[in-house]
Amino acid sequence: MKRNKAIAFVLSTALFALALTACGSQSSNGTPADDNSQSGGDASEPIHVSIGVTGAVHEQIWAPAIETLKGEGIEVELVQFSDFTLPNNALANGDIDLNAFQHHLYLDSEIESYGYDLTKIATEYSTHMNLFSEKIDSIDQLKDGDVIAIPNDPTNGGAALKILQDAGILTLKADSAFSPTVDDIESYNYNVKIEELAANTIPSALPDVTAAIVNVNYAIDYGFKMDDALYVGDLNEEPYWTLIAARTEDLSDPDKVAVYDKIVKAFQSEGTKKVYEETFGGYYEPAGWDEDLLAPYKNA
């Protein structure tokens with residue numbers, strides 16, 4: 001009997017110790033605890049960063065940087081949005097970590113309109129916004145009543161109007177600055193009508209108008225070549241440079257700033273420049289890569 005009691009005591013003690021060990025390896029809801037949850041995770045696990053973009057072209061542009069960042073323990077996911085009205089809202093709401101699709105003027109306009117607390121952390125490129133047509137071969141063939149489509153958002157629409165002025169189709173008021181509207185048209189050199197459409201619908205609407213200004217990402221997605229443009233519009237001015245944006249509040253976190261800095265450096269590289277030159281035939285050019293927009297946050 002004493003022997004049996006001794007065995008029972010030993011077994012019960014061992015079971016109690018095992019129970020304690022099991023409890024220590026679980027969180028309060030019964031799931032396995034993550035010992036690294038407050039320290040950025042296991043060093044062997046990549047840091048995940050989602051970046052909002054518009055257009056399949058970004059898959060190619062970001063490919064070299066994404067490959068580089070894998071070796072640095074950062075896993076970048078590109079999240080595609082169907083049009084320009086969505087990525088800033090998604091970023092502000094925390095659905096994505098960064099976005100990379102817009103120029104400076106567009107972000108400034110969105111912040112003013114919606115109160116987004118977003119900050120530019122890097123510049124991607126300058127580009128071209130071109131005039132295309134399926135009905136005429138030169139601007140001189142424009143006739144009275146012809147319709148030219150431009151994007152209906154203020155900043156891309158403003159850029160389109162400046163390009164139409166550069167092409168000699170119309171003249172803008174002298175004080176129209178970088179974001180003119182149709183109300184800023186002073187005169188027409190060709191008696192055309194301007195039709196404002198959502199930027200992402202313009203390529204498919206091209207057969208229904210005489211000509212259209214097409215954003216670069218949609219032009220590439222639809223296979224429009226620079227050589228086929230009626231007019232090539234140069235947007236190599238800082239307000240039109242395309243940028244990477246982050247939530248301002250995230251820039252107070254040194255760990256996130258360090259990750260974002262690595263992403264910027266991986267993007268602003270020879271690999272990306274090679275894609276610009278060899279894959280996209282002049283549509284994109286590096287711009288603003290000598291500016292460190294994250295410097296104030298790295299030194300804070």
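1. **Basis.** This is a predicted model: local features need pLDDT of at least 70, side-chain atom pairs count only at pLDDT 80 or more, and totals for chains, interfaces and linings use all residues. Residues are numbered from 1 along each chain as its sequence is written, and side-chain values use heavy atoms, with hydrogens and water left out.

2. **The sheet.** Six strands form an open sheet with mixed pairing, in the order S2-S1-S3-S11-S4-S12. Strands (E, at least two residues) and helices (H or I, at least four) are DSSP runs, numbered from the N terminus. Two strands pair if DSSP finds at least two bridges between them. The edge strands, S2 (74-80) and S12 (284-285), each pair on one side only.

3. **Inside the sheet.** Strand S4 (residues 118-127) runs antiparallel to strand S11 (residues 242-247), over 6 bridges. Thr 119 stands opposite Ala 246 in S11. Helix H4 (residues 104-114) packs on the sheet and touches S3 (98-103), S4 and S11. Contact means heavy atoms within 4.5 Å. The direction of H4 makes about 110° with that of S3. Such axes are lines fitted to C-alpha atoms, for helices over the stretch in contact, and angles run from 0 to 180 degrees between N-to-C directions.

4. **The cores.** A nonpolar core is a set of buried Ala, Val, Leu, Ile, Met, Phe, Trp, Tyr and Cys residues joined through side-chain atoms within 4.5 Å. Buried means under 20% relative accessible area, exposed over 50%, partly exposed in between (1.4 Å probe, protein chains only). The largest core has 54 residues; Ile 121 and Trp 62 are among those that touch the most other members. Helix H8 (residues 254-267) gives the most to this core, with 7 residues. Apart from it lies another core, of 25 residues, including Leu 105 and Ile 148.

5. **Aromatic pairs.** Rings of Phe, Tyr and Trp (its six-membered ring) pair if their centres lie within 6.5 Å; planes under 30 degrees apart count as stacked, over 60 as edge-to-face and the rest as tilted. The count comes to 14 aromatic pairs. Trp 62 and Phe 267 form a tilted one, 4.5 Å centre to centre with 40° between the planes. Trp 62 lies in helix H2 (residues 57-70) and Phe 267 in H8, so the pair ties together parts 205 residues apart in sequence. Trp 62 is buried, at 0%.

6. **A loop residue.** Pro 286 is found in the loop between S12 and helix H10 (295-298). Pro 286 is partly exposed, with a relative accessible area of 35%. Pro 286 and Tyr 125 are 161 residues apart in sequence, yet 4.6 Å apart in space, C-alpha to C-alpha.
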